[in-house]
4 protein chains.
Amino acid sequence: MFVQSSWGKHIVYSLFGESHGPMIGITLHHLPAGIKIDMEAIKKDMSRRRPGKNKYSTPRNEKDQFEIVSGMLEGYTTGAPLTALIHNTDQRSRDYSKVKSKMRPSHADYAAYVKYKGHNDYRGGGHFSGRLTAPIVFAGGIAKQLLMARGIQVKGRIASIGPVKDADLDQTSSTLISTIKGETFPLVDQSLEESMKEVIDKARMDLDSVGGAIDVVAVNVPAGLGEPFFNSVESTLSHLFYSIPAVKMVAFGSGMQLPFMRASEANDAIMYKDGAVRTLSNHNGGVTGGITNGMPLIARLHIKPTPTIDQDQKMIDIENKENIVDHIEGRHDPCIVPRAVPVAEAMMAMGLVELVADEKWTERWCPDDTY
Amino acid sequence: MFVQSSWGKHIVYSLFGESHGPMIGITLHHLPAGIKIDMEAIKKDMSRRRPGKNKYSTPRNEKDQFEIVSGMLEGYTTGAPLTALIHNTDQRSRDYSKVKSKMRPSHADYAAYVKYKGHNDYRGGGHFSGRLTAPIVFAGGIAKQLLMARGIQVKGRIASIGPVKDADLDQTSSTLISTIKGETFPLVDQSLEESMKEVIDKARMDLDSVGGAIDVVAVNVPAGLGEPFFNSVESTLSHLFYSIPAVKMVAFGSGMQLPFMRASEANDAIMYKDGAVRTLSNHNGGVTGGITNGMPLIARLHIKPTPTIDQDQKMIDIENKENIVDHIEGRHDPCIVPRAVPVAEAMMAMGLVELVADEKWTERWCPDDTY
Amino acid sequence: MFVQSSWGKHIVYSLFGESHGPMIGITLHHLPAGIKIDMEAIKKDMSRRRPGKNKYSTPRNEKDQFEIVSGMLEGYTTGAPLTALIHNTDQRSRDYSKVKSKMRPSHADYAAYVKYKGHNDYRGGGHFSGRLTAPIVFAGGIAKQLLMARGIQVKGRIASIGPVKDADLDQTSSTLISTIKGETFPLVDQSLEESMKEVIDKARMDLDSVGGAIDVVAVNVPAGLGEPFFNSVESTLSHLFYSIPAVKMVAFGSGMQLPFMRASEANDAIMYKDGAVRTLSNHNGGVTGGITNGMPLIARLHIKPTPTIDQDQKMIDIENKENIVDHIEGRHDPCIVPRAVPVAEAMMAMGLVELVADEKWTERWCPDDTY
Amino acid sequence: MFVQSSWGKHIVYSLFGESHGPMIGITLHHLPAGIKIDMEAIKKDMSRRRPGKNKYSTPRNEKDQFEIVSGMLEGYTTGAPLTALIHNTDQRSRDYSKVKSKMRPSHADYAAYVKYKGHNDYRGGGHFSGRLTAPIVFAGGIAKQLLMARGIQVKGRIASIGPVKDADLDQTSSTLISTIKGETFPLVDQSLEESMKEVIDKARMDLDSVGGAIDVVAVNVPAGLGEPFFNSVESTLSHLFYSIPAVKMVAFGSGMQLPFMRASEANDAIMYKDGAVRTLSNHNGGVTGGITNGMPLIARLHIKPTPTIDQDQKMIDIENKENIVDHIEGRHDPCIVPRAVPVAEAMMAMGLVELVADEKWTERWCPDDTY
């Protein structure tokens, strides 16, 4: 189900809040009861996303501490809806009315103004703000722990920032996650961290911003998740990835290169290897026919450069109905890519829990069911 | 809502059938009553997708005539569920049991075998077959007509086949659809049709197949459709596009290039032009903040080469649990891209109807509602 | 999910067709694969609902044979959508245009005319016809078989027809289903069958019709199904029961009497009995807090008298916009209650499968999960 | 859509919290933007439900003040998710561990213990508590205001408490709501208030409780809402009513009497009257064929006596696995009926908004749409 800021069929995620309201939060409906939540693991993920840590992210400083107000008792889920609240603490008290009518390039401003007839909370992007990804990382942290109980692991890495690209992933290895190093700047080749940071810092000093790419992978995903039509693994995951602000491309496996290949080179030969079914290459990124095939699940996301920049730009004043050139001050990230990695992981984890649940309920409905 | 082969919240699309069963079909729940369906327009789209037309597609010859068995009276929709049936007429009567246990590379075979515990209909791909896209084109034909009543037009074109690329689209023009010429081989630059066909024919003669790319565009889409989280325009459309067999990448606007750009070049300046709000470039493909902004909606899809090829390949025999090298005969498309264009259009049209409906119900709920 | 004529979250049921169209049918999405369907059991249920058997039902004679056109292979479900078609064979060829504009009392005619702006298929009630319950009985037959694999049994009985009431059910007994005798006229006290039939026959001869009540029970339902809010067992089942034409009341346990009781008499004392937890009475009908408690699940439905009668009645002609007194000929049931029993069983079975599935997916998500 | 404590397809209601947690709350997703909420009207409804007002309800004293933390700006809805929090202030600090393992008769205790494997928050009923109806009344208050903009009015009354019955409603009158007098004890015949209160007070002094019945009506409901199958008006509303704790029967119109009537007396003759289509009786309670017919919508609910009573009762200790006779102290309502009236109104209002929205989106999709 997908209705504005809510998603899911087995677990329903209900997201709320605005950048400059008192708090943001999320409710998870229908979590299994009796799960012991590892709070430290969630805090770690949230800290990876948290702003204000260094010059590579926005100076807005939020601790992003969450308070669970329902659905837990003595450290375990109760099975009732679990709600986490995160208080906003570093909203600026400036006068926003000056910017209310200025529709910034490549921002949601104009689209939202039309949609909500001028009633949307425009302060700091309101409900459109990347701040809303904090509760998503919280929810994803729980989803990751559910997956972990089944051995499934999810991890993201920065694939590129501007022109600097990380080393290739070994797409066929079930231990590929161990090759990704670093928490806030996860890379295969950590020696590239400095050049990536230079790209960001240069953009920052030019009062500009820069985009990049992210890979998200999951390993030990059982074969058989997903459906051929309307609920393929790619459908489910791209649906979620495309709810991350700034994502403008989602590919699986070698999706970017496949149009330029023939089947004789693109097909993933399939073999028994030590008793397990494996493919020799993984151009399909772990999904064939919309269904997982047991190989690592690999998605690539493209992140556009943050549109907020401290430069004069052509835009409109929608109340005066005039073209203007203006320059909206505001705190922003010169590159959102590193902070988007845990968000992408969260989305993949949420999607995988649903896909596992879709499959799980179908088990053992016949008397002779021996599988 | 998305449950195996069904999709939608306002209109529910319920798809059924297998490649080698007696018929395939689709039911549309909750169509508005009193719509006069233009059957010729639907037949035209279905004919664009239909196999067996020429050497560039599979030799399986299906007329793809549909029979509407419910939901219509005297040429108008009644408002009750509308079901269309398409009889399969050219199934081969060969013995499929020989191939049952052979899991072909890059096909759904193995994933489906695991998922359905060996009970899936494996004949010709069963429910996974591209044949199931025929009812989707039917449904999309109806969705297109609903959109047309609001002035919204949807159209696809072949962006590339193998290495041959069509000319660029003018991404900011609201008349860009008129620049796409040709029905079964829609291109901006029709002079490229022959070289694309040569690429396909060469693959066919090499007993191989080749991939390609598709652009799907919609114009006159009102600003304000979509939601920031979990139901963005990109989420909804990519969800549907990724239910088209063989799609492995979905990008919007300049999604492929954006990671390598800075905001100062990537931002779409926004201006009044002849009273309308337009952007000077359209790197966002008509969507900002997950919401349409009134510019042309532009998506690119990557289609992998059809995995069925008449060549020896490494695969497994899952009943004998052994590695084999085999060569599965069968009718197949040397390039599925041209036939996938109307399917991609159908998916975009279905998605847009939902997005319009999502927005439409929210109108006029307050007494002083003057917008 | 509930969108016109479709229902379900785990299995989606997609119903289509009209009384006088070529066929009616239903698609079941997301059935588990590998289920061997007992066709004879389904045929038996469908025969209980089938019209034209005797003078106690409508003379319209339909065999109600179903044809499965997808989702089965060699007697087992494949996991793909399963579609069953039932051809209409005894539509009358009379001229319906005379009755088109006459809005009959207590029928859907006027409400449907307004809803569908006069475009609904009015012939024989169109999609509103009780004929559409035939595919529901088919679907319920499959649901019953799924439940049977878990030991859950569903059964209905006629509780009353007109003033004649069947004997009381033993509401606390897990073997209460065995006390219900008879297929097409299921009763605890079969000696009442004749007097009930007399009531029906007398109504028929008076060109009138008569209502009645049905009890539907399920035994061996595990404790723990359902949710406190928005998805209680009563919510789910009443939702489905109220999709049976003519149902105007749904009660659980002693729901009709409870407002007139005090807790000291109404409370169901709870005890261990032979190691199992049982209640001494069952005024709650097996549901407390919206959740099953392991006692027999008991629902009562009230069925209004079939509104079609061969008598002059006050009604309107909506095209001439005038009040008329008219008498619409047509085949109808003098009492629909006996034929509604298998439909009520089908609905309860479909509901219980969803409730079991809701619960089932939540199992075994934590490493120390020993329950 | 219905997933534990969440409901809705157009507006999603996401409910959370426990009786003895820090707060309870609700999020409304997808409210139209630009609605000016009348806070005083909501407070009034909440005050009608609020406990601790007098000796006829539980002594637990909660102010039930709500705080809106998202989705509003300057008094108007923004279109983003609207979340209201209600702090619990009068939880008792007693030691609940003594009662944890005692499963009370006719309570959710045992069913919940099984469902949640002993992990549910058992303090004061946890998430099962009637306290959770406070946020529902909040949400219903907003739904009522949406309906009011379309002229639709919703109102409940106490139909009976124990043996004392209110006067009959005039079921055919579009002004019937004006005949219901009183806020916290709404009745047609206010002279009965005292005798009803005596019944309650007598039960209270006997350390017992008593049940009752409620009528909920809506007027000016347009004809044409609802669907014949799976989404009938009765399905939608009974689904919601059965999420109110203690409801055990839901009937529409004369649903309780219809089984004992013949069509010749039960049919609602249909006539033009002053240009409008009206029925002379309203045994169908405003719904025919599952669809509203423009007559007053009338539902009756039966409320069981509150199961918590200060008397010794047979129950089990589930940890010691033994039968006990015990007496659980606790604050409770001697009769919940008066406080349930605004909850029933809220549910009907929420249901009607969905039904209107279902219909609304289907309008004006064809060029010649003149209706």
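Here is a walk through this predicted model, from a single chain out to the contacts between chains.

Let us begin with chain A on its own. Chain A holds seven helices and 20 strands. Its radius of gyration is 22 Å, close to the 21 Å that the globule rule gives for 371 residues, so chain A is as compact as a globular protein of that length. If you draw a box along the principal axes, the C-alpha atoms of chain A fill roughly 70 × 50 × 35 Å. Of the 371 residues in chain A, 66% are buried.

One helix is worth a stop. Helix α7 of chain A covers residues 337-360, which is 24 residues. From its first C-alpha to its last α7(A) reaches 34 Å, close to the 34 Å expected at 1.5 Å a residue.

Ten strands make an open sheet with antiparallel pairing, in the order β11(A)-β10(A)-β12(A)-β18(A)-β13(A)-β13(B)-β18(B)-β12(B)-β10(B)-β11(B). At the edges stand β11 (164-165) of chain A and β11 (164-165) of chain B; each has a single partner strand, so one side of each is left without a neighbour in the sheet.

How are chains A and B related as copies? Chain B can be laid on chain A with an RMSD of 0.0 Å by a turn of 180° and a shift of 0.0 Å along the axis. The two copies are therefore related as by a two-fold rotation axis. Their contact takes 90 residues from chain B and 90 residues from chain A. On the side of chain B that touches chain A, 47 residues are nonpolar, 32 are polar and 11 are charged. The copies meet through the same surface, because 100% of the interface residues of chain B are also interface residues in chain A.

Chain B has a contact with chain C as well. That one takes 39 residues from chain B and 39 residues from chain C. On the chain B side, the elements that give two or more residues are β3 (12-17), β4 (23-29), β5 (66-70) and β7 (76-77). The largest share, five residues, comes from β3(B). By class, this side of chain B has 14 nonpolar, 20 polar and five charged residues.

Finally, look at a hairpin in chain C. β14(C) and β15(C) form it with two residues between them, and C:Asp274 in the turn has a positive phi of about 50°. Four bridges join β14 (residues 270-273) to β15(C), and the two strands run antiparallel. Within this pairing, C:Ile270 stands opposite C:Thr279. Strand β15 (residues 276-279) of chain C has two faces: C:Val277 and C:Thr279 lie on the covered one, while C:Ala276 and C:Arg278 lie on the uncovered one.

Conventions:
Residues numbered from 1 in each chain as written. Chains lettered and ligands numbered in written order. Predicted model: local features only at pLDDT ≥ 70, side-chain atom pairs only at ≥ 80, totals over all residues. Contact = placed C-beta atoms within 7 Å. Nonpolar A, V, L, I, M, F, W, Y, C, P; charged D, E, K, R; others polar. Least-squares fit on C-alpha atoms with pLDDT ≥ 70 in both. Rg over C-alpha atoms; globule rule 2.2 N^0.38 Å. Buried ≥ 20, exposed ≤ 12 C-beta atoms within 10 Å, placed from the backbone. Expected span 1.5 Å × (residues − 1). Pairing = 2+ DSSP bridges.
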